[in-house]
Amino acid sequence: MLMAGTSSSEFIPHHLQHLRYDVVAGEWAHATDGIVNFHLINVDTMVMGLLMGLLFFTLFYSAARKATAGVPGKFQAFIEIVVEFIDNRVKEVFHGDRRFLAPLALTIFCWVVLMNAMDLLPIDVPGMVAGAAGAEHFRVLPTADINTTFAMSLTVLVLVLFFAVKAKGLGGFGHELVTAPFGAHPALWIPNFALNVVELLAKPVSLAMRLFGNMYAGELVFMLIALLGFAATGSFASGGVGSGIAFLFGQVAMALAWGGFHIIIILLQGFIFMVLTVVYISMGQEGH
Amino acid sequence: MQINLTLLGQALAFLILIGLSWKFIWPPLLNAIETRQKKIADGLAAADRGQADLEDAKNQALAIVREAHGKAAAVVDQAGRRANEMVEEAKGTANAEGARLIASARSEVATETARVRGELRAEVAKLAIAGASQLLKREIDAKAHAALLDELAQQIVVAR
């Protein structure tokens, strides 16, 4: 948690620190050990991700349980608008049985949007609440954690492979891996395979990096805007009331502007992740 | 930035959410939406059918009214004709009755005339006898001179 008197140079690194637990050692991890370390888990990401997942499930399940074909209430109507919106988007891209793909798209859209929306919480409030509970750090935005975005995009890759194999059979899929796109000549097998691997891997990487980059950058901009508050404090301390008020006004105005703009990004990134997932699975089924 | 156990944790959470959404959320919601869409489509079709039925009924009613108008006109026409006929018939009957009455009156007058003539004749005969007896100062035998007197009376009546 951010204490009074923290300098602006400590503010941003502090806010980019995860609350980590070392599962193997059984203790809170203070140092960031390595680029890959499967002993550690980001507790803040897990807590917020699961909370948003629970929120999604609670909202939609309570609507689904009471859903009637009669006149819907306002809540049910809202949920149905979301469901029908998703169903129509999936219908546009994918021409087949939507019984699994449509709920998958719904889950992606709603979960990502809910997690992204955490970026709109006032930047210091979640840290204060978690700090009161004894946590050293707390990053409230799960989609600004590369683990979340890769977890989703790699799951999507597995689903793409699963549906491709299901549609073409293992032999058909393997055949396509080595013969498309250049041709079936044995000399072309290796280039074909290499290109297909790159194509397959590019999908989860682009999915994950796009969402992560957008949310990480958005979060960072909010932090930079918050730095104006430090400037205001500094001005007031040195007797510059006018410049202090200007900094304060600038912070509020920019936070409002960026917040408004960010609402669009929150929805758009959820939408893009969902549509691209459907497109990838659809492409994988149709083949070259 | 670090790849760690969170990757697996979030992937597991993601898979569980997909499963829940697939099994418990999507089917009932989509079922409700589709059932309602079908209901609305049926309702609209029924409304269209009702509209068409109403149009038919209106046309039918119009045809019935038109037919009734025609029938009523025919009835009025017939009634008029029948009334005329009845008037003509009544006129004929009245004429015939009048003629019959006149004829019977005439015959009655003739009979009466004849009867009165007879009476008058007898009365004149009596008067003649009375006058004659007065003149002759003697009783005339009515019976003996009846024929004579009758002739006299006849002449008197004829002379008048």
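In the predicted model, strand β1 (residues 20-22) of chain A pairs with β4(A) in the antiparallel sense, over 3 bridges. Within this pairing, A:D22 has A:L40 of β4(A) as its bridge partner. The two strands belong to an open sheet of 3 strands, ordered β2-β1-β4 in chain A, with antiparallel pairing. The edges of the sheet are taken by β2 (27-29) and β4 of chain A; each has a single partner strand, so one side of each is left without a neighbour in the sheet. Direction ignored, neighbouring strands of this sheet are turned by 40° against each other on average. Helix α2(A) lies across β1 and β4 of chain A and runs at about 45° to β4(A).

Chain A as a whole contains 8 helices and 4 strands. From the N terminus on, its elements follow the order α-β-β-β-β-α-α-α-α-α-α-α. Its C-alpha atoms fill a box of roughly 75 × 60 × 40 Å along the principal axes, and 34% of its 288 residues count as buried. Among contacts in chain A between residues at least 6 apart in sequence, 66% join residues at least 24 apart.

Chain B has 2 helices and 1 strand, in the pattern β-α-α along the sequence. The radius of gyration of chain B is 61 Å, well over the 15 Å given by the globule rule for 160 residues, so chain B is more spread out than a compact globule. The C-alpha trace of chain B spans about 190 × 25 × 20 Å along its principal axes. Of the 160 residues in chain B, 12% count as buried.

The two chains meet through 45 residues of chain A, which are in contact with 29 residues of chain B. On the side of chain A that touches chain B, at least two residues each are supplied by β3 (36-37), β4 (40-42), α2 (43-65), α3 (74-93), α4 (101-117) and α6 (146-179). The largest share, 11 residues, comes from α2(A). By residue type, this side of chain A divides into 29 nonpolar, 12 polar and 4 charged residues. Strand pairing also links the chains: β3(A) and strand β1 (residues 3-4) of chain B pair in the parallel sense over 2 bridges. There, A:N37 has B:N4 of β1(B) as its bridge partner.

The largest nonpolar core holds 68 residues, of which A:A105, A:F109, A:W111 and B:L29 touch the most other members. Elements of both chains contribute at least two residues each to this core: β4, α2, α3, α4, α6, α7 (189-237) and α8 (241-286) of chain A, together with α1 (6-136) of chain B. The most, 13 residues, is given by α4(A). Leaving aside residues up to four places away in sequence, B:L29 touches A:A63, A:A64, A:A67, A:I79, A:E80 and A:V83. A second, separate core consists of 7 residues, among them A:I123, A:F222, A:L228 and A:F247.

Terms used. Residues are numbered from 1 along each chain as its sequence is written. Chains are lettered from A and ligands numbered from 1 in the order in which they are written. This is a predicted model: local features need pLDDT of at least 70, side-chain atom pairs count only at pLDDT 80 or more; totals for chains, interfaces and linings use all residues. A residue is buried if 20 or more other C-beta atoms lie within 10 Å of its own, exposed if 12 or fewer, and partly exposed in between; C-beta atoms are placed from the backbone. Two residues are in contact if their C-beta atoms, placed from the backbone, lie within 7 Å. Ala, Val, Leu, Ile, Met, Phe, Trp, Tyr, Cys and Pro count as nonpolar, Asp, Glu, Lys and Arg as charged, and the others, Gly among them, as polar. Two strands pair if DSSP finds at least two bridges between them. The radius of gyration is taken over C-alpha atoms; the globule rule is 2.2 Å times the number of residues to the power 0.38. Axes are lines fitted to C-alpha atoms, for helices over the stretch in contact, and angles run from 0 to 180 degrees between N-to-C directions. A nonpolar core is a set of buried Ala, Val, Leu, Ile, Met, Phe, Trp, Tyr and Cys residues joined through C-beta atoms within 7 Å.
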